[in-house]
Amino acid sequence: MNRFSRICTAVLPTGLLLAWLLALCIAGMAIPAARAQARPAATPAATAPDGQDRSPLPQVDELRRQLDAIPKKTGELDDGRRLLTDINAVGQAAERIVTRRSADLADLDQRLAGLGPAPGKGAPADAPDVAQQRAALEKQRTAIDSELKLARLIAVDAEQRGADLQRQRRALFQAQLSRRTDSPLSLAFWRNQRYALPGDYARLKAMGAELAFAVNTAWQSPRGNQFLGYMALALLLAVGGTWLAERILVHVLPPRLPAARLRRSLLAAAAIAANVLIIAAAVQLAWNGLALGGALAEEIDALRKASLRAAVYATFVITLGHALLARRRSSWRLLPVSDALARRLSPFPWWIAALSAFGGLMAELNAIVGASLAAEVLVHAVTALLLSFTVASALSHMRTMPGTADEGEAARPQWVGLILACAGLGVAVTVLAVALGYIALAGLLARQMVWSGVVFATSYLLVQLADDLCDALLSSHGGFGARIQATLGIEARLLDQAAVLVAGLLRALVFFYMVVALMAPLGTDPDELFRRGSDMSYSLKVGDLTLAPQALLTALAVIVAGFLAIRIFKRWLLERYFPHTVLEPGMRSSIVTLLGYMGGVVVIAVALAGLGISVERIAWVASALSVGIGFGLQAIVQNFISGLILLAERPVKVGDWVVLGETEGDVRRVNVRATEIQLWDRSTVIVPNSEFITKTVRNMTLGSAQGRVLLRLPAPLDTDARRMRELILQAFFAHPDILETPAPSVTLEGIQSGTLTFLAIGYVSSPRQVSGVRSDMLFAILDALRTAGLVLSPPATISVAQARRDPEQEAPLAERP
């Protein structure tokens with residue numbers, strides 16, 4: 001896309017691949033005298049025709065010896081991940097034995113059941129062949145049952161050993177973070193580097209010689225031509241494959257995709273997936289060619305895995321950055337940034353990918369060759385500083401992000417500003433930690449900072465893709481949604497609701513995996529997030545309650561994240577979901593308010609649980625508060641309960657026209673303690689909720705009540721009554737706001753003192769229309785009577801009432817502004 005599928009993504013991994021191959025060929029003249037023996041190839045698992053695993057099982061005694069040989073305590077020089085891998089391998093082998101032997105045991109039980117029950121005392125003995133077969137089966141069953149029990153014990157021991165090793169790694173991680181080494185600003189730091197340089201250089205040279213030996217072996221073997229073919233094919237795939245993918249994505253796919261936002265998000269996702277797969281296949285193909293000369297040594301195989309991970313990571317980061325920025329095609333850009341800012345930020349995905357991938361590869365290489373501690377410290381310090389300077393430079397370019405009026409960009413969201421502020425703080429802390437000698441902490445912060453940026457960018461792309469997919473496939477505005485509506489007869493409103501709901505669920509899923517991914521460098525257990533930051537084991541004990549900084553931070557994080565999530569969810573309901581429903585504004589406000597209160601209670605309860613305050617303690621606190629409530633907070637509690645009743649039963653809702661004593665106006669907001677009523681002069685009256693529960697309230701618009709226009713028109717005794725009635729009815733039927741059902745009516749109410757009294761009644765859809773319609777009706781009736789030569793007898797009384805009131809009752813209606 002924008003030619004970056006070929007230029008921006010293939011160049012870095014391809015250049016590294018070319019440099020690596022050239023270095024191997026030059027270093028091929030140095031071959032070590034002794035070469036590590038290749039590991040035997042794994043025996044493929046045999047599968048029975050019934051689908052069950054029939055590969056040879058390891059011996060239980062051998063598994064026990066392997067488990068006992070693994071150290072129970074890990075030291076600083078031990079590879080914790082390797083030990084965990086070995087323990088998990090033993091546990092998985094034990095589980096295989098348990099699964100297989102359980103099936104064998106069930107088969108033996110079935111065969112024994114087929115022989116019938118064993119004869120008891122005094123009963124006739126079995127036939128000799130039956131007795132012999134029963135004895136053999138029981139002996140075999142005893143041996144399998146014993147092996148099954150031992151395997152289960154090994155599996156349990158392996159699980160416990162793994163959990164204990166994880167705890168040790170966490171403790172070691174805390175100790176390493178708080179450890180201080182020589183600062184790079186001191187002479188002792190560089191003195192250590194000088195002393196360790198000869199040994200580290202010798203180790204790297206031996207590793208290079210080992211790698212060159214593998215290249216020479218593959219080159220000079222009978223399959224040397226295949227080796228060259230593999231290398232050429234890897235380079236062709238890295239260059240030509242990305243070029244072909246770019247041609248397809250830019251020129252072939254767009255005409256076949258819907259002309260909407262889905263096109264750009266799908267193309268971005270497809271570009272990332274295609275380039276990552278192509279570069280991964282090219283690197284793996286190069287290593288497969290190297291393996292043609294024989295099985296790779298353990299160190300070379302570890303380097304293969306590390307280089308493959310680095311190439312995939314660098315390709316992903318570069319393609320992701322250019323897909324979001326799209327500096328050459330602004331219409332395909334996913335981020336709301338200007339063209340100038342996109343051009344300024346375009347080099348940074350390259351730098352971040354190259355520095356983080358190279359730093360990770362060097363750290364893996366140090367572990368493979370067994371480099372000195374000084375070398376590891378140097379790699380972490382240099383990587384942390386370079387990444388910090390790169391992020392700081394990117395932040396300086398982002399000072400002109402959305403918010404400048406001249407660039408015509410939207411206002412920057414608050415969460416973006418929060419992320420940028422955290423990144424700036426991380427840069428400052430990382431540089432300070434390196435300067436003070438906390439290299440392990442600085443390396444962790446730099447890696448976590450870059451990794452968090454990659455996770456946030458990926459989550460943003462996935463959210464855009466989810467929204468676009470739901471809008472294109474489920475919304476009534478899309479072609480597929482229109483076909484669903486035409487085929488199944490589903491209302492467009494329901495389809496739009498389904499699209500918004502599914503998009504919301506996908507957003508929640510992306511958010512969940514984003515949190516898991518953010519914690520991945522620190523460990524996938526969410527509870528380890530605050531335990532691994534630093535040593536915060538100090539606590540303050542007040543009675544039975546222990547207040548630890550870790551618990552306080554956890555509770556604070558729960559409160560902040562919880563109320564932020566509640567606010568986002570309420571805004572999503574009001575702005576995204578409710579507009580696609582038939583719920584009226586009052587019901588929407590009630591639902592959002594109730595959900596906000598319920599969510600607040602849950603967040604506070606979870607935060608208290610994080611502080612170690614159990615439900616029983618909360619109950620005791622509530623009991624103590626009930627005493628104070630009973631004496632001094634009766635009015636507040638009464639209003640609170642009344643507010644909940646109003647929100648639940650909804651006798652009064654937002655938008656209703658209510659009359660409460662001398663207060664008359666529109667309900668603007670229903671809170672938990674009080675309700676806001678806007679008067680006709682635009683002033684607001686705050687009414688306690690208990691007033692709506694304990695007093696009589698007149699709701700003019702409850703149940704969509706109709707308004708009634710009632711006119712009493714006096715006329716002289718000699719007036720043509722039928723003509724008079726016909727003119728008044730014509731005026732009512734001619735007005736557009738007068739409802740046809742119930743139909744307007746004109747009756748002769750009576751004759752008194754030589755005057756005819758006509759009673760005219762018409763209905764409108766809302767009491768709010770009565771005042772204006774009444775005025776229009778009077779003007780129309782007076783014009784019609786004047787044209788027909790009819791007159792009214794003064795005085796004329798005009799009354800307006802609601803549809804449910806008796807016609808004899810009159811209620812003057814205050815004029816609305």
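Figure 1. Helices (H or I, at least four residues) and strands (E, at least two) are DSSP runs, numbered from the N terminus. This is a predicted model, in which local features need pLDDT of at least 70, side-chain atom pairs count only at pLDDT 80 or more, and totals for chains, interfaces and linings use all residues. Residues are numbered from 1 along each chain as its sequence is written, and side-chain values use heavy atoms, with hydrogens and water left out. Of the 817 residues in the protein, 39% are buried; buried means under 20% relative accessible area, exposed over 50%, and partly exposed in between (1.4 Å probe, protein chains only).

Figure 2. How many aromatic pairs does the structure hold? There are four. Rings of Phe, Tyr and Trp (its six-membered ring) pair if their centres lie within 6.5 Å; planes under 30 degrees apart count as stacked, over 60 as edge-to-face and the rest as tilted. Is Phe189 buried or exposed? Phe189 is buried, at a relative accessible area of 4%, while Trp190 is partly exposed at 47%.

**Figure 3. A close-up of the stacked pair Trp572 and Tyr577.** A pair of aromatic rings is described by the distance of the centres and the angle of the planes. Here the centres of Trp572 and Tyr577 lie 6.1 Å apart and the planes meet at 15°, so the pair is stacked. Trp572 counts as buried at 17% relative accessibility, and Tyr577 is buried with a relative accessible area of 17%. Look around them, too: ring pairs link Phe569, Trp572, Tyr577 and Phe578 into a cluster.

**Figure 4. Strand β3 (residues 657–660) and its buried side chains.** Trp657 and Val659 point one way from β3, Val658 and Leu660 point the other way, and all are buried.

**Figure 5. The partners of β3, strands β4 (residues 663–670) and β7 (residues 698–699).** Two strands pair if DSSP finds at least two bridges between them. β3 and β4 pair in the antiparallel sense over four bridges, and β3 and β7 run antiparallel, joined by two bridges. Which residue in β4 is the bridge partner of Val659? Glu664 is that partner, and in β7 the bridge partner of Val659 is Arg698. The hairpin of β3 and β4 has two residues between the strands, and in this hairpin Gly661 takes a positive phi near 65°.
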